[in-house]
Amino acid sequence: MPITGEFQVRDGESLLSSGVITSSDDTLLETDQHTKKGSVLEGKPDTEVINVNEVYRELILRGYEYGPFFQGIRRASVDSRDTDIRWDGRWISYLDTVLQMCLLSRPGTHQSLPVLLESVIIDPRVHPAQPAEGTEEFETIPGSWDPVLDIVAAGGVEIRGSHTIRSSRRLTHNSPNVEEYTFAPYMDPSPSERSAPVVSKALMNYSDACFEFSRQGMKRWLAEDKDNLLPNKQEIVEALEMANKIASTPETASNYASAKATLEALVKSKNGHGLPNHGVFEMLDMTFSEPLQGDYWETLRKKLHVVRSYLWDDPIIAAMESPDIIKFVLETVADNVPQQVVEILEVGAARGSYYRQAIPKALDYLSVKDWRYTIADKFFVEDAVDYPVKILQFDPLDPANFPEAQNESCDLLVLKWTLHMEVDLDEAITGFSKMIKPGGFLLVEENVERLPTLFPIKAIVSASLGGHGGPEGDRSFGCFYTDAQWTAFFKRHGFEQVMHRHDGFSASLFLLRKPLVPITPPVIVNVDDLQCSWLEEVQARCAELRDSPKDARLWLVAKTELSGILGFFRSLTWEVGIDKLRCIQICDSSPGSKLPEITADSADFKELVRKDMAYNIYKNGKWGSYRGFVVPEAVRQKERESNFVYADWLSAGDISSLHWFNSPLKIGHHNGMLGSKLAQQLETETCYIYYAGLNLRDVMLANGTIQRDILPDETFFKEGVLGIEFSGRKSSGKRVMGLCPPPALASSVQCPVSSLWTVPDHWTLEEAATVPLAYATAYYCLVVVGGLQKGKTVFIHAGTSTVGQGPEWTQLYDLVQTGIQSGVVKPLKRAVFGMDKIVDAFKTVEAQKETAKVLVKIRDEEAQKLCQTPKTSFSAVHRTCFDPTKSYVLVGGMGGMGLETAHWMVLRGAKKILLTSRSGIRTGYQARKISFLRQLGVDIEVLAISLNNRKSADELLQHALKMGPVGGIFNIATALHDDNFSDFTRDVFVKALDSKVTTSLLLDEISREKPVRDTLDHFVMYSSIVASHGHMGQTNYAFGNSVLEKICERRKRDGLPATVPQWASIADVGIVAQMGNQVIITRKFPQRFFNVLNVFDYMMSSAAVVTTSYVLIERSMIAAGGEESMVDQVLKAVGKILGIKNVSTVDGDKEFIDMGVDSLMSVEIKQALERDVDLVISTKDIQLMTFNGLKSLIEGN
C-alpha cells in the first residue's frame, strides 16, 4: 500500500473523520525508539526479565485473557521500562500489544481499561516492513516506556498519556462454593455437629403449639361428630388418648380456641421469624375448620389434596431434610456405588417428594459421579414435571404387583412416609428389597414420636388404616412403629443400619444397606507409617484385586490420628476402583476411651465387614466419615460483634450490598490506610465517631459512577474508601469534628491533628457533623482560590446542597476556625439515619430526595461535654486484618500462590513478611512482585532455606523474630511428583510429602514453643481438594495433604490457632495456571484468584479447621421451583458480566452506565444478546440500557 498520509476514522460503516497527516520537518514521532532494532533484553539474567509466560500470567491474574495472537510481549524488564515485542504483520494485535505495555507499567492486581489516549502516532515509514505473506516468522521490536513523558513506543508507534479506569471483574463461571470439611458420624451426632438436624427453640415452640392444637382439634371433632362422619374414628380416639398422655399442658388448661390463638400468635411473632413456612398449622386449621356435615370426608380430602404442598417446606416436616443431612446421605451412597452413575428410585413420591429437596440441596453438588432419579406412585406425579426425573406409575401400597422391571434397578431406594401406609409390612419390605441392587441402600423416613400432631390430616387423606404389626409389636393407629421397632424390623429383614438421625421431636431417618454376604476372607494392611514402608505391600495387594472374586476386600487400616490414609484412599479409588477397597482410620484420642479392635477375628472388624462401607473413620467414640458441608453465602457474610467497624460494599456498583466490616484499627493501623506510607508521616489522634457525614462522593463511589482511580495512590488499594468527615470524641473525651482520609464512615478513626476542630459547647455532635466538609470547601473555593472580598456578588449553584448551604449563610472572611469562634459557621439542616439504615442513607443522597446534610449516627451522645467514650460493640462482617508490628512467615512463599497471598496480606495490613524458598529469588516475576510490595512500604525479606529438619526450622524462626514477634505462619509449599500408584517407587512417593508432612510437623513443633506460642494469631497450612476428593496419579500428594490436615486438627483441639484452606485448582497462579487456566480437575472449574480472596476471609475465621473452595461445573438441570425462563437466564448472564450476582437486588430502572459498565463489558453484553436471543443493540444503547428495559426488549423479541 503506498504511503499517502491520508487517514479515515470510522465507527462501523460510518465515516466520522478524514484528512491528511503532514509534518513540517517530516518527523512525526517524539522519541527515537524507532531507530532501535532487535532485542534489548535477550541474554539478561532471569531475575531481571519477566518472560512471555510470566507476563501473561500476571495479566491473567488481573483479568486479561489474551489469546496466542495477542500475546505479543515476548519479554519485559522487571520495571516494565523495556520490552521485546513481536511484529508478525498483524497491526491490530500489535497495537493492542503496545497498549499492554501501558497496563504492565502499572503493577497491581486490579483490572483497568484505557478510556483516554492523549495521542497516538503511527508512522509506517519507519516501522519494520511487513513479513512475507505465508511466513510464520516474526521480528522482535524493542519497546520502551518513559514514565516521565508517559510515552510507550515501539517501532513506528507511540502512545502518550494513557488514562485508565478500574474495571469490574467479569465472572467466567459461578462464584465459588465453600464447604466445611469435617467429621460426620453415621449414627446420631451431637446437636452441635453439622450433620445433625437443626432444631431451634422457635421450632420446638411451634411443634408444641401444633401438637396442642391437634389435640384440642381432635377433642372438638369427636364431641361434634354426632353423625359419625369422621373416617378412621377409632384411630382418632386412640390418637387423642395418646396425646392426652404425653401432653405437657393439662387438658383443662386449654381449649380449641386458645390453642389456635396461641399458634396464630406464634407464627406471626418475631419468635417465629425463622420459620417462614407453616404448612402443618394451615392444613390442621383447614381440617378442623371444615363443617362436619354432608359429604364431609370427600370434600375435605379434595381440599387437602390441592394444598398438600403446604407440608413440604414446613419446618416440622423438613427438619430431617436440611442440606447437610441430605448431602451426607446421598454422598455416602455415591461413595459406596462402584459405577459412575448412581441410580435413585423414590417410591411414593407424591406423598414424600424427597426429590424436591435432594436435587437442589445435594445432587447438584455431586461432582465426581452422575445420577439418574426416577420417581413412582400410583398416579402420575404432576408436581415433578419441572424436575429432571423419570416418572413411573405403580401402586406403592400393592406389593404383590410391583413391576418386575424394577428388580435390582436402583442403588438407592427412597421411602419417605410410605412404609407406615402398608397393611402388610413384611410383604412390602420384601417387595421393596427386590428393587435394590445387592450392596445398594434403602432410605426410610418415618414419624416415630408425637404421632398425634399430624394424625388428623392422615386420618382424612387415608382411605383406611389398619396395618398389622409383626414380632416387633403393634403399630400405633394401625400405622406407626417406634424408632426401636423400626430398627428391629429392618434387622429381621437382613438390612444393615449404616446411618440414623432423629430430629428431636417426631421423625427418624434410617439409611440401610442390603448386604453382600462375603465369602472371600478380607485382607488387612496397616498404613500407619509416615515413611510409607507399607507402599510395596499395598501395590502388590492392589494388583491382586484385578483378578480376585467380586466379594474380595482389601482393608487399609491406620490406627493413628496423624495419617494421610483418607486422602490416599480417595485418590487410590480413582485408579483401582471403590468396589474392592475399604479404609479404616482410628482418630479417637479421647483419654481413657476404648478403641475398636481391628483384627481379622475381632467383633468390631466383623461388624464393619457386614456393613461393607468404604470409609470408616472412628472419632469421638463413633464411626463416620469426613464430609464437606456447604456454607451458604448468607452464613459467610453473617455479622459478628466488633468494637471497630467501617462501611464498605460487598459488590462494586451495588449500593444495596453496603455492610459494616470490622476495622483494622483494632490492631493499630492508621485509619486502615493499608500499604500506606503517608499515614505514618502525619501526627494523628484516635477519635471515636458519633456521627459521620455522607457526601455525593461516597455515593458515586458506592454505585460505580466514579471509580477508585480518582483517589490518591495512597488510598487506591484500600478496601474502605467511604467517608471523610465526622464528629466525635478524642481519646481524652474532648468533643471534636474533623476531616480525614477514608474510611471515616466508621466507628473510630485516626485523624490528622491539623484537621480537627473543637466543637463549641452550644453545639451537639449531631450538629457539628454537618460542618467540616461544607465550610472547608466553601472557604477553600471562595477565599483561598477565588480571592473573594467583602462587597462582591457570588452566584451559588445548587445552593440547596450541603456545600451550597455553607457560603449562603456566611460572610467568608476567615478560615473555618475563625468562623466557628465568631459564630459565622453554623450547623446545617440535616437528616439522620441509623447504622442499620445505611443503604437508605445512600439511596437518599443518590436520589437527591433530601436537601439536608445526610448523617449516619454511630453512637448516642452523652450529656457530659467531656467524658470517655464507652466501649461499644457493633455487628460487622468479618475481614481478616494483620498486625503491622508482627512478622509473618510464608514457607514456599516465592511461588505464585505465595506471592499473591503476601500481596493480599499487605493490603490487609501486614508490614513485615518473610518469604522462604529453596533457592530464593529465581525469576523476574518474583523480583517484580517483591519490588512492588516494597514500594508499598513493606519490610519483605526472602530466605533461601529447605525446611526439612529442626535446625533449619530454628534458623527460620530466628530470622522471623528479628523482624518482629511472629503473628502468622503459612505453609504454601507444594511439590508434585505424580504417577500411577502401581509405578511409584518409595523414594519418589515420599518426595511429595516433604513440603506437606515434614515441613508442617516442624512448623507445628516450633510454634508450640515460646515466644511464638504467645504471639501467634494465624497458623495456616494450604491443602488441596485432592485430599477430600482424590485424583488420578496423586495418591502421594493426597496423602501428604491429609496428614497436614490432621496436624491442624490436633492443634485446634489443643487450643492453638489452625486453619486449612483446601483449594481446588486456581486459574491465575500456581501449577494449574501453567497448565492452562481451563483445566478441569475433579469436575471443578479452576477458580479465579480474586474469587479465592472473596472467600478467604471466611476460611481464615471459620470454626472448622478445614474449609474448601471450588467452582462446580454447571449441570444442565432444573432447580427447585421450576425451570428458569429464557428471559431470566439472559438477565442473569448480563448480571454476571456486570459483576452482579443477583439482578433482583438492583434497581431495575438504573442504567448500566451507572452500574459501572465499560466499553469491554458493553461489547460482551452485545455479543451475548446477539448469540442467545438474536437481539441486536449498539454498545452505546447498551450503556443506557436498564434491566427492566432489557427484559421488555427480550420479551418483545
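Student: Are Phe882 and Phe970 buried or exposed?

Tutor: Phe882 and Phe970 are both buried (under 20% relative accessible area, with exposed over 50% and partly exposed in between, 1.4 Å probe, protein chains only). This is a predicted model, where local features need pLDDT of at least 70 and side-chain atom pairs 80 or more, while totals for chains, interfaces and linings use all residues. Numbering runs from 1 along each chain as its sequence is written, and side-chain values use heavy atoms, without hydrogens and water.

Student: Where do Tyr186 and Phe328 lie?

Tutor: Tyr186 is in the loop between strand E10 (177-185) and helix H3 (201-224), and Phe328 is in helix H9, so the pair ties together parts 142 residues apart in sequence. Helices here are DSSP runs of H or I, at least four residues, and strands are E runs of at least two, numbered from the N terminus. Tyr186 and Phe328 are buried.

Student: Back to Phe882 and Phe970: what kind of pair are they?

Tutor: Their ring centres are 6.4 Å apart with planes at 55°, so that pair is tilted. Phe882 sits in the loop between strands E33 (874-876) and E34 (887-891), and Phe970 in strand E37 (residues 966-971), so parts 88 residues apart in sequence are tied together.

Student: And why is H9 largely enclosed?

Tutor: Because 12 of its 13 residues are buried, including Ile325, Phe328 and Leu330.

Terms used
Phe/Tyr/Trp six-rings, centres within 6.5 Å; stacked < 30°, edge-to-face > 60°.
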